[in-house]
Amino acid sequence: MSLKKIVRFPFIALVRIYQVMISPYTPATCRYSPTCSHYAIEALEKHGVVSGGWMALKRIFSCHPWGGSGYDPVPEKTETKTKTKI
């Protein structure tokens, strides 16, 4: 198991616990597709704990009556090109 997976595991586990133990007992009110919890897991897997966690938090905080709604997938990871000085 890689270090990245080990670091991500507790955060993904927390979301999974929410999905299994809390979400089934609350009304389905998510305004987005995929749901915020699925978005959080995918963002953590694609972008890591820092960037993916930030994306998940932004998504969760935008989930209110005056926020957005509809299909909002996790963006693909973009590769940054490093400039080399010659």
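Which side chains meet in a salt bridge at 3.2 Å, N to O? They are those of Lys46 and Glu42, and this pair belongs to a network of salt bridges that also takes in Glu76. Everything here comes from a predicted model, where local features need pLDDT of at least 70 and side-chain atom pairs count only at pLDDT 80 or more, while totals for chains, interfaces and linings use all residues. Residues are numbered from 1 along each chain as its sequence is written, and side-chain values use heavy atoms, with hydrogens and water left out.

**How H1 and H2 pack**

- Two packed helices are described by the angle between their axes and by the distance between those axes.
- Helix H1 covers residues 3–22 and helix H2 covers residues 36–61; helices here are DSSP runs of H or I with at least four residues, strands are E runs of at least two, and both are numbered from the N terminus.
- The two pack at an angle of about 175 degrees, with axes 10 Å apart. The axes are lines fitted to C-alpha atoms, for helices over the stretch in contact, and angles run from 0 to 180 degrees between N-to-C directions.
- On the H1 side, the contact is made by Val7, Arg8, Phe11, Ile12, Val15, Arg16, Tyr18 and Gln19; contact means heavy atoms within 4.5 Å.
- H2 answers with Ser37, His38, Ala40, Ile41, Leu44, Glu45, Gly48 and Val49.
- Sorted by class, that contact has 9 nonpolar, 4 polar and 3 charged residues. Nonpolar covers Ala, Val, Leu, Ile, Met, Phe, Trp, Tyr, Cys and Pro; charged covers Asp, Glu, Lys and Arg; the others, Gly among them, are polar.

**Salt bridges**

- The count comes to 3 salt bridges, taking a salt bridge as a side-chain nitrogen of Lys or Arg within 4 Å of a carboxyl oxygen of Asp or Glu.
- Lys46 and Glu42 sit 4 residues apart in helix H2, so about one helical turn separates them.
- Lys46 is partly exposed at 27% relative accessibility, and Glu42 is partly exposed too, at 30%. The cut-offs are under 20% relative accessible area for buried, over 50% for exposed and partly exposed in between, with a 1.4 Å probe and protein chains only.
- Lys46 also pairs with Glu76, their closest N and O atoms being 2.8 Å apart. Because Glu76 lies in the segment after strand S2 (70–71) and Lys46 in helix H2, the pair ties together parts that are 30 residues apart in sequence.
- Glu76 itself is exposed, at 59% relative accessibility.
- Arg59 and Asp72 make another salt bridge, at 3.6 Å from N to O. This pair links distant parts of the chain, with Arg59 in helix H2 and Asp72 in the segment after S2, 13 residues apart.
- Arg59 is buried at a relative accessible area of 3%, whereas Asp72 is partly exposed at 27%.

**His47 and its surroundings**

- His47 is in helix H2 and counts as buried, at 16% relative accessibility.
- The His47 side chain reaches the backbone oxygen of Pro75 at 2.7 Å.
- Setting aside residues up to four places away in sequence, His47 touches Gly52, Met55, Val74, Pro75, Glu76 and Lys77.

- Ser33 and Pro34 are joined by a cis peptide bond, with omega about -5 degrees. Pro34 lies in the loop between strand S1 (32–33) and H2.
- Cys36 is in helix H2 and is buried, at 13% relative accessibility.
- Cys36 and Gln19 are 17 residues apart along the chain, and their C-alpha atoms are separated by 10 Å.

**Along H1**

- Lys5 is found in helix H1 and is partly exposed, with a relative accessible area of 48%.
- From Lys5 to Ile17, 12 residues along the chain, the C-alpha atoms are separated by 18 Å.

Definitions and conventions
Polar contact = N/O pair within 3.5 Å; in protein donor to acceptor, adjacent residues only side chain to side chain.
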